[in-house]
Amino acid sequence: MVKKKAVAIVIIIAAVFIAFLAYDGIANTEVESAFFSMHTHSNVKLKGAHSRKASEEIRELTDKLDTDILSRTSSSSVVYQLNNNGGGNAEKISSYLNILLDVCKKSDGAFDFTLGAVSDLWSFGSSPVLPDEAAISSALSHSGYEKLTLDGNNLVFGDKLSVIDFGAAGKGIALDEIKKILVERKIKEAVVSIGGSILLMGNKEFTVGIRNPEGNSGSYIAKLRIPEKCVSTSGSYEQQFEANGKKFHHILDPETGYPVNNGLLSVTIVSDSGILSDALSTACFVLGYEKGKALAETYGCGVIFVTEDKKVYAENGAENYIEITDNEYTLVVQ
Ligand code: AMP
Ligand code: MG
């Protein structure tokens, strides 16, 4: 009798132990996936019991965010409707608009998400061309964030020909929305990249590379060792093309409608917020080193500038977690 009881107890303990191991195995399930969404390449690496489900949800979310909300070309999207009706109900994007209008103001218009008509002329993302000067100045005359008014959830276009474009912040917005899924699904660790924007989540130190602006996509000039954050890079190497012996890229100076030409090759922002990291990397690229550094400071974000003369400026705390890995580049500490 005693022997039977002992055997039963051993079996129960073994079963509990096996169940624990099995549960832990599931709890640490790792899922990796790569897909094309929001007109760019995305990578998702998750660790946690519901990784597979969360990974599927992320993919659905990015597709829906694009088609239903941010897309310039999908006729059902909020942004498309606003552009085609010269404003209207913007409830689904009003929280993003408030943040982006603030970046427009604080960057003194260097960041301006009403440049859609000008960007269109350059045809970035498809077959870029050097536009006609007169066409640029005509399109530019309808841009300007000051012409927009957000009245509650109603977005009023002061100029009905303004074209809003979330190209500079959409990837960051996606990261913020993805984070909500990760929290809900209790994911332990996550690295999600959408184009040049990355979300890091988990209780550990992550390593993120700063891309070599003159090399291929797998080559890096520095690494950052950081806790869970969002990291976005804007680089003139993205969507670059040549015309009349000159190089052009997709980050535009809102004053001229032409690509910014200020000696910078890339700007990286480290922030708790996806939308801010994405918007500020574009804004700081346009502003250049001095003003960009001040803007990043206003928002409490780390910032890294890489210049054409192969210097790397790391500011607002970024100097503490950057390590240069390519000896052609020099870290400048101010
Ligand atoms: P990113 O790669 O995040 O820096 O975003 C670049 C995209 O933002 C471009 O392809 C345009 O759609 C848009 N864009 C270009 N110049 C600006 C600007 N000065 N302010 C806001 N958006 C811009
Ligand atoms: Mg951006």
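## The second largest pocket

The lining of the second largest pocket has eight nonpolar, four polar and four charged residues. Ala, Val, Leu, Ile, Met, Phe, Trp, Tyr, Cys and Pro count as nonpolar, Asp, Glu, Lys and Arg as charged, and the others, Gly among them, as polar. The model is predicted: local features need pLDDT of at least 70, side-chain atom pairs count only at pLDDT 80 or more, and totals for chains, interfaces and linings use all residues. Residues are numbered from 1 along each chain as its sequence is written.

The volume of this pocket is about 480 Å³. Of its 16 lining residues, Lys247, Phe248, His249, Asn261 and Glu308 are the closest to its centre. β12 (246-248) and β13 are the elements that each give two or more residues to the lining; β12 gives the largest share, three residues. A pocket is an open set of points on a 1 Å grid over the protein atoms alone, where a 1.4 Å probe fits, with protein on both sides within 12 Å along at least five of seven lines; lining residues have an atom within 4 Å of a point. Grid points are joined across faces, edges and corners, and the volume is the space filled by probe spheres set on them.

## The sheet

Nine strands form an open sheet with mixed pairing, in the order β1-β2-β6-β7-β10-β13-β14-β15-β17. β1 (30-37) and β17 (330-332) are at the edges with a single partner strand each, so one side of each has no neighbour in the sheet. Strands are DSSP runs of E, at least two residues, numbered from the N terminus, and two of them pair if DSSP finds at least two bridges between them.

β15 (residues 311-315) runs parallel to β17, and three bridges join them.

Key: Chains are lettered from A and ligands numbered from 1 in the order in which they are written. Side-chain values use heavy atoms; hydrogens and water are left out. Helices (H or I, at least four residues) and strands (E, at least two) are DSSP runs, numbered from the N terminus.
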